[in-house]
Amino acid sequence: MKLQLPAPGETILAMLKLPGEMCNINCHYCYERRKPYPNALMLKPEVLRKFLSLCGGRPLAVELHGGEPLLIGRRRMGELFAELRAYEGPVTVSMQTNGILLNEAWLDFFDREWPDIEIGISLDGDEQGNAHRVDFRDRPTYRKVTKALELLAARGRNVGVIVVVTRRILGRAADVLDSLSRFEAVKVVKLSGCLDFNVKSKDYRTPNRQSLQILNPDGVGMPGWATTPDEYADFLIEAFEHWSATRSYGAYVLEPFFSVIRSLSGLPTSYTSFSDRKEPFVVTLYPDGRIGSSDELTMPGALLGSVDTATGMDELLTLDSNPGLRRDLSALLDKCAGCSHEASCRGGALPDRLRFEGTGFEEEYCDHRRKVIDHVAAALPAAV
């Protein structure tokens with residue numbers, strides 16, 4: 001399997017880190033706080049304008065991200081939307097938020113400024129599972145987020161929910177899915193693996209002492225919130241069985257299974273983990289003008305350039321400006337050659353695979369993918 005590069009005119013995902021790492025909550029497992037942010041900055045219109053000029057009219061799928069993107073405020077957000085409306089190419093916009101700041105005023109703003117925005121909410125299932133998502137006094141945030149889901153339903157909006165699969169929800173897939181299915185607004189649930197490894201305290205900037213206590217003291221091995229790939233696979237299979245048994249596929253889409261089924265059927269998917277279109281199709285714009293590859297990759301290792309030094313998007317998308325990153329990602333995919341599941345697995349999540357390099361979990365990562373794919377294929381023999 002070879003690292004695929006975007007052809008001219010192909011859509012790329014542009015992640016905009018509106019407030020950088022700044023957030024109104026303090027999740028224990030937050031990966032943004034492990035990145036270097038030289039200053040506490042908000043993304044300015046002029047920086048976005050320079051970035052868009054580099055894109056040259058290429059179709060963009062823009063995702064507003066953070067930290068917490070709503071911290072930028074409606075005035076600044078409106079200025080950024082004005083830049084996006086002025087872009088010469090097609091643009092779609094989505095946003096990933098913890099939902100706590102969502103209110104009627106924000107939804108009125110989106111209805112006016114960008115009515116088609118897709119909203120994603122971060123919520124780790126039920127109240128027990130969400131316990132790693134706390135405020136800066138270690139207080140739970142669950143009920144504040146569920147109020148946002150109720151408001152979104154009242155406004156007739158559908159949302160997707162990202163569930164980070166931590167140790168707190170292992171063995172409780174049914175509880176997690178049932179808790180989310182009761183919210184009318186939730187139409188997509190994405191079960192995202194928390195496959196952290198070797199997270200060191202010195203690299204983890206947080207005022208939350210509990211985060212550092214949950215970490216292994218020496219930063220070697222899995223932090224207390226993380227799961228092994230095999231544990232993640234078992235949770236996914238449990239979730240698939242419950243989703244199927246309750247016939248919930250008519251109520252909400254469950255990822256990664258929608259993408260697994262498409263992949264088994266030879267169809268494309270936008271879910272990077274099961275797509276041929278991986279990191280070269282993703283760029284991340286930081287408030288200080290740095291441009292990186294996927295935001296799930298560590299910085300500065302994923303740095304591609306900046307709005308002030310890049311001459312065009314093509315040099316960034318080919319990873320020519322970071323040959324080491326291109327070499328490392330290509331090497332991972334080279335290992336897929338000859339695998340019985342290459343066509344359906346499509347290489348997995350490269351940031352996770354890079355994270356496991358040298359840890360002894362490399363084979364388990366591949367094994368867990370085969371385990372999940374085989375389980376779905378057995379349940380859906382017509383798909384293979």
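## Aromatic cluster

Phe81, Trp106, Phe109, Phe110 and Trp114 are joined into a cluster by ring pairs. The model is a predicted one. Its aromatic pairs number 16.

Take Phe81 and Phe109. Their ring centres lie 5.8 Å apart and their planes meet at 25 degrees, so this pair is stacked. The pair ties together distant parts of the chain. Phe81 sits in helix 2 (residues 73–85), and Phe109 in helix 3 (residues 104–113), 28 residues apart.

## A pair within helix 3

Trp106 and Phe110 make another stacked aromatic pair. The distance is 5.5 Å centre to centre, with 25 degrees between the planes. Why are Trp106 and Phe110 about one helical turn apart? Because they are four residues apart in helix 3.

Trp106 is buried, with a relative accessible area of 4%. Phe110 is buried at 0%.

## Nonpolar cores

The largest nonpolar core holds 102 residues. Which of them touch the most other members? They are Phe51, Leu64, Met77, Phe81, Leu102, Phe110 and Ile121. Helix 7 (residues 229–245) supplies the largest share of the core, seven residues.

Phe51 shows how contacts reach across the sequence. Setting aside neighbours within four places in sequence, Phe51 is in contact with Ala14, Val283, Leu285, Ile291, Val307 and Met313. There is also a second, separate core of eight residues. Among its members are Ile25, Cys27, Cys194 and Ala226.

## Second largest pocket

The second largest pocket has a volume of about 290 Å³. Its lining comprises 20 residues. Lys335, Cys336, Arg353, Glu362 and Cys366 are the ones nearest the centre.

Which helix gives the most to this lining? Helix 13 does, with six residues. Helix 11 (342–345), helix 12 (350–356) and helix 13 (362–379) each provide at least two lining residues.

Notes: Residues are numbered from 1 along each chain as its sequence is written. This is a predicted model: local features need pLDDT of at least 70, side-chain atom pairs count only at pLDDT 80 or more; totals for chains, interfaces and linings use all residues. Side-chain values use heavy atoms; hydrogens and water are left out. A nonpolar core is a set of buried Ala, Val, Leu, Ile, Met, Phe, Trp, Tyr and Cys residues joined through side-chain atoms within 4.5 Å. Buried means under 20% relative accessible area, exposed over 50%, partly exposed in between (1.4 Å probe, protein chains only). Contact means heavy atoms within 4.5 Å. On a 1 Å grid over the protein atoms alone, a cavity is a set of points where a 1.4 Å probe fits but cannot get out, and a pocket is an open set with protein on both sides within 12 Å along at least five of seven lines; lining residues have an atom within 4 Å of a point. Grid points are joined across faces, edges and corners, and a volume is the space filled by probe spheres set on the points. Rings of Phe, Tyr and Trp (its six-membered ring) pair if their centres lie within 6.5 Å; planes under 30 degrees apart count as stacked, over 60 as edge-to-face and the rest as tilted.
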